[in-house]
Amino acid sequence: MRLTEPSPGHTWRQGLVLLLPTALSLTAVGLGVAGIVLLAEERRVLGAALLGVGIAAGLARALWIFRGVRVRSQSLHLCGGHAPRHEAELLRVLEQCLSSGSLPTVVGSGWGFWTAHVIARGNVIHMHKFTGERPRRGLVDPTPYGMMRFLAGTTIFDAEKAIRRKYGNTFWSTPSIQTISLGGWFGGSCHGNSGAGGKPSSYAVHDIEFYELYDDRGRLWPQPFERREPYKVARRLFDDDLSRYVIVAVTFDALGTNETGIGYMVDATAWVHKTLCTIPIGRNVERGTRRAATPELVEWLDDDAPLRLLFCGSSRRTYALGLKYNWWTPQKPRPYRRILGLFKVEHVDPHDCSAACMSLQLDAFSMIGGWHETADDAYNGRMLIVHANRFTPDASTIGRAFYGLGPAFVHLFNVRNCEFIFNLLNPISSSARTVDLIQQLVDELVVFCRSRWARCEIRTNTKRESAGVVFVDLGTSDANMCEIVPLLTPFVRERRIAMHTSKYQSSAIRSAVANAGLQLVGPNAIYYGS
Ligand SMILES: Cc1cc2nc3c(=O)[nH]c(=O)nc-3n(C[C@H](O)[C@H](O)[C@H](O)COP(=O)(O)OP(=O)(O)OC[C@H]3O[C@@H](n4cnc5c(N)ncnc54)[C@H](O)[C@@H]3O)c2cc1C
């Protein structure tokens, strides 16, 4: 299904549904404690009644342990629909859809529906049971040694874990949220935090298997038409019209290398070291003139960094925070931190609730309060690259315990999240250095956010001296989204810009793009120039 138009009434419904688990937790604890106190005071009937209701609320809250319940909360398709478990069952469901003349709405983990403010409706196929590693067997075309084939409902978290256990390798980069499905990852134009020294999140994909449901003229096929394509071809097809396809499986090449010997996946025992760069905007920006890159920006735009991301927002009025990761080996100095300012221990992330704290400080607090740790040892830890890829700690215990709360508030405060993708203006044609262009873009975004309630995230594989792809992720109200388009326009190469296909989009944003004289293309056209 294409997530191009938000559903009316989605926002408040989604907010309420996602508040339900927290409301049930509070009810369970509140009534449970009250019931026990009353029982202790020998007020048996009332005490037992309150305790009973508390236990019932606790049991209801426990339902959110199941992935299916969370997926339904996120896609707002609360009951009904199909939930195939294996390939024959999926084929049967699709045949039923085609024979009844209707296209299915496929739901992976539902986060794209949540982000796009779309309610899953119609003939819904939930993929949360369609999971696990399923190698192709038989003599003709078996999945070879070194490759792993997963069904499309498998989460990134589970696929990564299985590959790491079997082959000891992990992804170069992944979308920061680990609970999304492989179908949502590659069906939508998702990407990771890869920097100039890293590789895109699709790097390990060997091929994608999917069913095509209708032909070029829009006529439904009598039978789902089976296809298997490399990522580049699949990307173009899915960007053109995802509603035409149902992704069945993704095969990753865990041991293969490219022509220069670089692995499609990276050793899972590889360490990275994180550094935070506080990137100021200068007086020239206040005076309205453009300026050269600051040393902090140049440091962040490190050509060797495999991963990096940058945040700015309403609460950070004069600076942006850029996080970068560099490879770490035992030959390099070991980073340390102090517990309660006293005991010096080696700084290895994640520890305690460090992943959740980092994500909150850099991302959410860009909009709320602006606080972040400034101690020298705070953003100076080493971690396995797999942990660095899990920037959004939703798969953690903490993420599960408070499930729904953050996402509910995002909706109730009417914050929407869209993302623009473009190639940075060629420095030769703009007569500015690449680093200066990125600095100017950061300056513009900082200034944009401080006069509105907004936060921006930049990810790019741009090198210090050669322009690359830039992702600008924006969280703000619907009205503000259109205003960012003219601001981005001077940085866009060949006047072609794309939008993330499984985040928020609207006709108003598309009009703003057209009014700015830009051509809206699919992400594949930005990556591959097709
Ligand atoms: C907290 C958070 C952090 C995020 N971080 C990132 C990030 O770092 N990088 C990034 O790129 N995105 C990010 N996203 C966006 C998210 O990755 C996308 O919305 C993703 O597509 C959601 O995947 P899903 O499995 O939840 O898919 P769903 O929401 O279920 O579906 C998304 C789209 O894919 C389609 N689809 C799903 N499965 C299939 C299938 N098997 N066959 C055909 N179509 C299918 C659906 O119909 C829908 O159009 C983030 C979102 C959140 C909420």
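Visitor: Which residue has a backbone N or O atom 2.8 Å from a nitrogen atom of the ligand?

Guide: This is a predicted model, in which local features need pLDDT of at least 70, side-chain atom pairs count only at pLDDT 80 or more, and totals for chains, interfaces and linings use all residues. Residues are numbered from 1 along each chain as its sequence is written, and side-chain values use heavy atoms, with hydrogens and water left out. A polar contact is a pair of N or O atoms within 3.5 Å; within protein, one must be able to donate a hydrogen and the other to accept it, and residues adjacent in sequence count only if both atoms are side-chain atoms. The backbone atom that lies 2.8 Å from the ligand nitrogen belongs to Ile-247.

Visitor: How much of the ligand's accessible area does the protein cover?

Guide: Accessible areas come from the Shrake-Rupley method with a 1.4 Å probe; for residues, only the protein chains shown count as cover. On its own the ligand has 970 Å² of such area, and the protein's share of cover is 95%.

Visitor: Which element gives the most residues to the shell around the ligand?

Guide: Helices (H or I, at least four residues) and strands (E, at least two) are DSSP runs, numbered from the N terminus. Those giving two or more residues include strand E7 (245-253) and helix H5 (111-116). With 5 residues, the largest contribution is that of H5.

Visitor: What is the distance from an oxygen atom of the ligand to a polar backbone atom of Met-1?

Guide: Met-1 is among the residues that come nearest to the ligand. Its polar backbone atom and the ligand oxygen are separated by 2.6 Å.

Terms used. Near = heavy atom within 4 Å.
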